[in-house]
Amino acid sequence: MSDNKPVIRMDAEAPDGFEGEGFFATKLSSVIGMARKFSLWPLPFATSCCGIEFMATLNPTFDASRFGMEKNSFSPRQADMLMVCGTISKKLGPVLKQVYTQMAEPKWVIAVGACASSGGIFDSYSVLQGIDRIIPVDVYVPGCPPRPEQIIEGVMQVQALCESESIRRRDMPEYQQLLASYDIK
């Protein structure tokens, strides 16, 4: 038996900066991005089978807590990542939009599964053909239903957005125009 096991590091990589004996200096935006990346609190908005796959990502096999998602928030005011899992009917659309508007900035949205992304197999008058018709979406996770590994990949993409996003992006006119295009104030 060999001792050539890979070394797994559980701590985060330090952002670029200046390091010396007893000090480390970097940009405030880098520290805030790193903190946001590892402290995402999801709000699961699960309506069908994709919700079951999201629940599977929380079990010990996939361990979503390693991404800082240990606390599932069921209050929009305490969450910063909205995970829409499943079919959204047109009647449920205003509720989803209200949940989104109640979330504090910064907030990110993941459309989990084919139904949340494009209506899926339900091409009917009563099903919303993608949640991006009522709220902005940051990451789309394909599948019907997607595997937990795919959902984790979507979370990792949101983490990359959190880490690289400017602190002031949400105040920029382009972002305000995006929200205005969805009739969100």
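In helix α2 (residues 49-57), the buried residues are Cys50, Gly51, Glu53, Phe54, Ala56 and Thr57, where buried means under 20% relative accessible area with a 1.4 Å probe, protein chains only. Helices here are DSSP runs of H or I with at least four residues, strands are runs of E with at least two, and both are numbered from the N terminus. The model is predicted, so local features need pLDDT of at least 70 and side-chain atom pairs count only at pLDDT 80 or more, whereas totals for chains, interfaces and linings use all residues. Residues are numbered from 1 along each chain as its sequence is written, and side-chain values use heavy atoms, without hydrogens and water.

The buried residues of α2 pack against β3 (42-46), β4, β5 (108-112), α4 (113-118) and α5 (148-164); contact means heavy atoms within 4.5 Å. The axes of α2 and α5, which are lines fitted to C-alpha atoms over the stretch in contact, come within 8 Å and cross at roughly 75°. This makes α2 roughly perpendicular to α5, a term that covers angles of 65 to 115 degrees. Glu53, Phe54, Ala56 and Thr57 of α2 meet Pro148, Ile151 and Ile152 of α5.

The largest nonpolar core has 22 residues, of which Leu82, Val84, Leu96, Tyr100, Ile131 and Ile135 touch the most other members. Such a core is a set of buried Ala, Val, Leu, Ile, Met, Phe, Trp, Tyr and Cys residues joined through side-chain atoms within 4.5 Å. Helix α3 gives the most to this core, with 3 residues.

Threonine 87 lies in the loop between β4 (81-85) and α3 (93-102) and counts as buried because its relative accessibility is 19%. The contacts below leave aside neighbours within four places in sequence.

| Residue | Contacts |
|---|---|
| Threonine 87 | Thr47, Ser48, Cys115, Phe122 and Val127 |
| Valine 84 | Phe45, Leu96, Ile110, Ala111, Val112, Ala116 and Ile131 |

Key. Buried < 20%, exposed > 50% of the residue type's maximum accessible area, 1.4 Å probe, protein only. Axes fitted to C-alpha atoms, helices over the stretch in contact; angles between N-to-C directions. Parallel < 35°, antiparallel > 145°, perpendicular 65-115°, else oblique.
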